[in-house]
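Hi there,

Here is the structure I promised to pass on to you.

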Amino acid sequence: MKRLLLAVGVAAWAGAAQNAQAAEWRVSHVDAPARVSGIETVAGETQVNAGGLW
Amino acid sequence: MLTGERISLTFVDVAAQPRPPDGALPDAKVTTGKDDIARAWLAEPTTRYDHGILGNKIEAGSLVIETRDGKRQTVRLKDDAVFEDLEPRLADLDRDGHDEIVVVKSYLKRGSSLAVIAERRGKYEIVAEAPPLGQPHPWLDPAGIADFTGGGTIGIALVRQPHVIGSLELWSWRDGALGKTAELPDIANHIAGTRAIDMAALADFDGDGIADIVAPSLDRSRLRVVSFAPKPREIASVPLPAKAVTNLGLVAESSGPPAIAVGLADGSLAVIRRAL
């Protein structure tokens with residue numbers, strides 16, 4: 001299992017957003033390069049656990 | 001941080017977390033403090049509680065507190081209870097400059113309760129407990145600690161029985177006792193049998209300067225953003241493309257409230273953002 005840091009970058013893309021709650025909130029369905037198995041917050045950073053990348 | 005309309009992710013290999021201290025609960029999270037408590041963790045694994053809501057039937061029989069001077073104290077439970085939790089939470093509940101510790105204590109015959117541990121005459125001990133849920137196995141999961149009303153009182157938000165009831169309750173510790181002050185229905189912050197106990201997050205989502213709570217609905221098909229200020233209310237209910245199955249993560253935006261990241265049952269990642 002690898003831990004991935006969610007941050008600004010150019011490596012992945014976000015799918016089309018869909019409107020929610022009178023257009024105030026948007027959900028972007030992100031295709032991660034591997035199945036997302038967990039999210040942890042470590043020292044204030046959000047880390048996405050995804051298996052099978054390496 | 002997220003900027004602009006386009007969401008992008010960088011995937012970075014991060015160093016493994018340090019090995020937990022000797023005697024710690026397997027998969028225990030070591031909580032670090034900024035004040036008189038340096039570190040705290042759950043310890044003395046025991047199988048005396050036949051429940052397994054956190055993925056195994058190994059719970060903690062004690063809590064270890066390491067103070068800033070390096071000394072350690074242990075708060076050990078009697079055989080009729082365990083700490084059914086993965087991490088102690090540090091917060092200065094009474095604003096006296098000293099952290100208290102909030103943890104889930106489960107009685108083998110009476111179910112879970114919320115416990116507050118504080119220093120008394122140089123010794124850490126349990127100083128308050130909420131009434132246990134009444135029978136073996138009903139459990140609760142803390143969702144966050146903050147001033148949720150804006151009135152200056154630090155509250156403890158928890159979800160009572162997040163798998164079957166899903167009641168988000170606000171508790172406060174005043175005059176030595178824990179009391180429930182508000183509640184909202186239809187919230188889940190845990191999936192039975194998993195170690196993901198942080199399916200809720202805190203931030204000011206509506207811009208009123210007061211902490212709000214985001215967590216899945218009881219069926220985990222939506223993310224609900226709720227507030228206790230000025231009274232219990234829903235700020236938003238956002239349908240998800242698939243059910244939420246992971247902890248929530250917050251990602252700073254260049255302006256406005258943070259985005260919310262959550263893993264979904266289809267293996268993908270959803271990022272929820274408030275349009276400004």
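Predicted model: local features only at pLDDT ≥ 70, side-chain atom pairs only at ≥ 80, totals over all residues.

Residues are numbered from 1 along each chain as its sequence is written, chains are lettered from A and ligands numbered from 1 in the order in which they are written, and side-chain values use heavy atoms, leaving out hydrogens and water.

**Aromatic pairs**

B:F148 and B:F228 form an edge-to-face aromatic pair, with 6.3 Å from centre to centre and 70° between the planes. For such pairs, the ring centres of Phe, Tyr or Trp (its six-membered ring) lie within 6.5 Å; planes under 30 degrees apart count as stacked, over 60 as edge-to-face and the rest as tilted. B:F148 sits in the loop between β10 (140-146) and β11 (155-160) of chain B, and B:F228 in the loop between β16 (222-227) and β17 (233-239), so the pair ties together parts that are 80 residues apart in sequence. Both B:F148 and B:F228 are buried.

How many aromatic pairs does a search of the whole structure find over all chains? There are two. A:W25 and B:F205 form a tilted one, at 6.0 Å centre to centre and with 55° between the planes. This pair crosses between chains, from strand β3 (residues 25-30) of chain A to the loop between β14 (201-203) and β15 (212-216) of chain B. A:W25 is buried too, with a relative accessible area of 0%.

**Chain B as a whole**

Chain B has 20 strands and zero helices (both are DSSP runs numbered from the N terminus: helices are H or I with at least four residues, strands E with at least two). Its C-alpha atoms fill a box of roughly 55 × 40 × 40 Å along the principal axes. Of the 276 residues in chain B, 55% are buried.

**A loop to look at**

B:N56 lies in the loop between β2 (37-46) and β3 (59-67) of chain B. B:P26 is 30 residues from B:N56 in sequence, and their C-alpha atoms are 9.8 Å apart in space.

Happy exploring!

Notes:
Buried < 20%, exposed > 50% of the residue type's maximum accessible area, 1.4 Å probe, protein only.
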